Amino acid sequence: GFSNVIVAGDSRFDRVAQIAKQAKRIDLIDRFRGTERLFIAGSTWGQDEEILLKLINDNPTVKFIIAPHEIDEERITHIMEQTKGGALRYTRCTPRTSFGSKQLLILDTVGLLSSAYGYASWAYIGGGFGVGIHNTLEAATFGLPMAFGPNYQKFKEARDLVALGAATSVIDYKQLQRWFAPLRDNEIYLRKVSRISKDYTVKHQGTTNLFLNTVFNE
């Protein structure tokens, strides 16, 4: 029976919008991408990486970045050895590094992923084959279509993005490839899905100011 209530929403939408506006310029990623389109996989685990490696090897004209959730030598070595198009580690690159036809860049550092999404056309969010997916809003704020594993139900924004058609859940490589192929081959469809993803984050912005204005009359 209370009437003095306002539903403010989730301030994380404001935060990711701020991150996008203040995104770092990453010259190394810009040079790696070159004139090709870029696919970024963020906060990945082993099961994510196994299906992503198949996607990389089946799409030699696309550049990829993988940012593993845990940076350990054994995992990075495995990824590099299994990438047919060649791979490099971000921390081993310099301003003089020539990327040539290398297809994969492993982001073996922290603090760059949220800005790196701004260079991509598609995203994969890791963790969905474990306890749950990682942050989808950092990719959505740049208007990226995204895929992730099956364990996403406890995140409202992920459920919303799936319902809107901006994201999809996959259980194996076959489903991942089925999702990716039309977005790779049909530019009109890619722009449509990208707009849905971006609009979702824009629609939910403003919570921080609403909270401040309501509570503190600022």
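Q: How close do the axes of helix α3 and helix α8 come, and at what angle do they cross?

A: This is a predicted model, in which local features need pLDDT of at least 70 and side-chain atom pairs count only at pLDDT 80 or more, while totals for chains, interfaces and linings use all residues. Residues are numbered from 1 along each chain as its sequence is written, and side-chain values use heavy atoms, with hydrogens and water left out.

The axes of α3 (residues 46-58) and α8 (residues 173-185) come within 9 Å and cross at roughly 45°. Helices (H or I, at least four residues) and strands (E, at least two) are DSSP runs, numbered from the N terminus. Axes are lines fitted to C-alpha atoms, for helices over the stretch in contact, and angles run from 0 to 180 degrees between N-to-C directions.

On the α3 side, the contact involves Ile51, Leu52, Lys54, Leu55 and Asp58, which meet Tyr173, Leu176, Gln177 and Phe180 of α8. Contact here means heavy atoms within 4.5 Å. By class, six residues of this contact are nonpolar, one is polar and two are charged. Ala, Val, Leu, Ile, Met, Phe, Trp, Tyr, Cys and Pro count as nonpolar, Asp, Glu, Lys and Arg as charged, and the others, Gly among them, as polar.

Aromatic pairs come next. The structure holds eight of them, a pair being rings of Phe, Tyr and Trp (its six-membered ring) with centres within 6.5 Å; planes under 30 degrees apart count as stacked, over 60 as edge-to-face and the rest as tilted. In one of these pairs, the ring centres of tryptophan 122 and phenylalanine 180 are 4.9 Å apart and the planes stand at 80°, so the pair is edge-to-face. Because tryptophan 122 lies in strand β5 (residues 122-125) and phenylalanine 180 in α8, the pair ties together parts that are 58 residues apart in sequence.

Strand β5 belongs to an open sheet of seven strands, ordered β3-β4-β2-β1-β5-β6-β7, with parallel pairing; two strands pair if DSSP finds at least two bridges between them. β3 (87-89) and β7 (167-169) are at the edges with a single partner strand each, so one side of each has no neighbour in the sheet. Neighbouring strands are turned by 20° against each other on average, direction ignored.

Helix α8 also packs against α9 (residues 187-203). Their axes are 5 Å apart, at an angle of about 110°, which makes α8 roughly perpendicular to α9. Pro182, Leu183 and Asp185 of α8 make this contact with Glu187, Tyr189, Leu190 and Val193 of α9. The contact of α8 with α9 has five nonpolar, no polar and two charged residues.

Technical notes:
Parallel < 35°, antiparallel > 145°, perpendicular 65-115°, else oblique.
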